[in-house]
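Subject: A structure for you to look at

Hello,

Here is the structure I promised to pass on.

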Amino acid sequence: MSTGRIYIYKRYERFWHWSQAALIIIMMITGFEIHGSYALLGFGKAVSVHTVAAWSLLLLWAFTIFWQFTTGEWRQYLPSMKNVLAMVNYYTIGIFRNSPHPFHKTARHKHNPLQRLAYLALLAFISPLIWVSGLLYLFYGNWGQLGLAQYLSLESVALAHTIGAFMITAFFFIHVYLTTTGHTVFAHIKAMITGWEESDQPH
Ligand code: HEM
């Protein structure tokens, strides 16, 4: 029963989402090669690709932060504790019993309450951890000049970056699983490609 169709994701938003996804996948693959988990490109090549992807992501974020503020879309990330429990109940129990989804997307409210909290945690905690440790790693050769050498050790920066990398990898897999929980398996993915989401709710 498909009765509603709403436009949720704007063109730039879809571009930003998929470019960020591609860059993060590249960073996970090359990052864990640098870490020594496997050999794919060779260490030197993995470091170069990881570095180019990091600068590209930084550029993408600069444009995206500008876009979030000029369009007012940043408000989508404001957290609210209302109905978070309903979402937790749905994902742990309701979804396996075919219960109705407790949240219905609109263009003004794209994210369910649990999603808001998860994205805020990504923005406020995991991303800064990865960025600060990544940039310190990148500028390791300049620590002396910057007056940082006495406060930092390469081991602690590497550990912080690796912890951040595991966190974002966990986020990535949970995120991909949750994309399949729309009214059909690919409903959310399709919406992020076309901008339009079909729902089983009358609109
Ligand atoms: C977004 C997801 C990212 C993931 C999953 C990731 C993952 C990793 C991992 C697992 C390592 C190996 C750490 C070790 O064993 O010591 C690494 C190294 C590194 N990462 Fe990332 N990283 C990401 C983002 C970034 C960013 C944003 C930057 C820069 C701003 C960055 C810069 C670096 C540098 C410079 C190294 C060390 C390369 C070397 O040994 O020469 N990474 N990354």
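The notes below go from the overall fold to the helix contacts and then to the ligand.

First, the ground rules. This is a predicted model, in which local features need pLDDT of at least 70 and side-chain atom pairs count only at pLDDT 80 or more, while totals for chains, interfaces and linings use all residues. Residues are numbered from 1 along each chain as its sequence is written.

**Overall fold**

The protein has seven helices and two strands, where helices (H or I, at least four residues) and strands (E, at least two) are DSSP runs numbered from the N terminus. Read from the N terminus, their order is β-α-α-α-α-α-α-α-β. The C-alpha trace spans about 60 × 35 × 35 Å along its principal axes.

**What the record says**

An unreviewed UniProt entry lists "domain: Cytochrome b561 bacterial/Ni-hydrogenase" at residues 9–195; UniProt positions are in the numbering used here, feature names are shortened, and annotations may be inferred rather than shown by experiment. In the model, residues 9–195 are 67% helix and 0% strand, with the end C-alpha atoms 4 Å apart. The unreviewed entry also places "transmembrane region" at residues 21–41, 47–67, 117–139 and 159–178. Of these, residues 21–41 are 67% helix and 0% strand, with end C-alpha atoms 20 Å apart. Residues 117–139 are 96% helix and 0% strand, and their end C-alpha atoms lie 32 Å apart.

**Helix contacts**

For the α1 and α2 pair, the axes come within 9 Å and cross at roughly 155°. Axes here are lines fitted to C-alpha atoms, for helices over the stretch in contact, and angles run from 0 to 180 degrees between N-to-C directions. α1 and α2 are therefore roughly antiparallel (under 35 degrees is roughly parallel, over 145 roughly antiparallel, 65 to 115 roughly perpendicular and the rest oblique). The α1 residues that meet α2 include W16, L23, M27 and G31, and those on the α2 side include H50, A53, L57 and W67. Residues are in contact if their C-beta atoms, placed from the backbone, lie within 7 Å. By class, the contact of α1 with α2 has 15 nonpolar, seven polar and one charged residues. In these classes, Ala, Val, Leu, Ile, Met, Phe, Trp, Tyr, Cys and Pro count as nonpolar, Asp, Glu, Lys and Arg as charged, and the others, Gly among them, as polar.

α1 also packs on α6, at an angle of about 130° and with the axes 11 Å apart. That makes α1 oblique to α6. I24, M28 and G31 of α1 make this contact with A165, I168, T169 and F172 of α6. Five of its residues are nonpolar, two polar and none charged.

The axes of α4 and α6 come within 8 Å and cross at roughly 140°, so α4 and α6 are oblique to each other. Among the contact residues are I130, S133 and G134 of α4 and H161, G164 and A165 of α6. The classes here are twelve nonpolar, four polar and no charged.

**Around the ligand**

Which residues come closest to the ligand? Of the 22 residues that surround the ligand, the closest are G31, H35, G134, A158 and A165; a residue counts if its C-beta atom, placed from the backbone, lies within 6 Å. α1 (11–34), α2 (43–71), α4 (113–138) and α6 (154–179) each supply at least two residues of the shell. The shell has 16 nonpolar, six polar and no charged residues.

Best wishes

How values were computed. Two residues are in contact if their C-beta atoms, placed from the backbone, lie within 7 Å.
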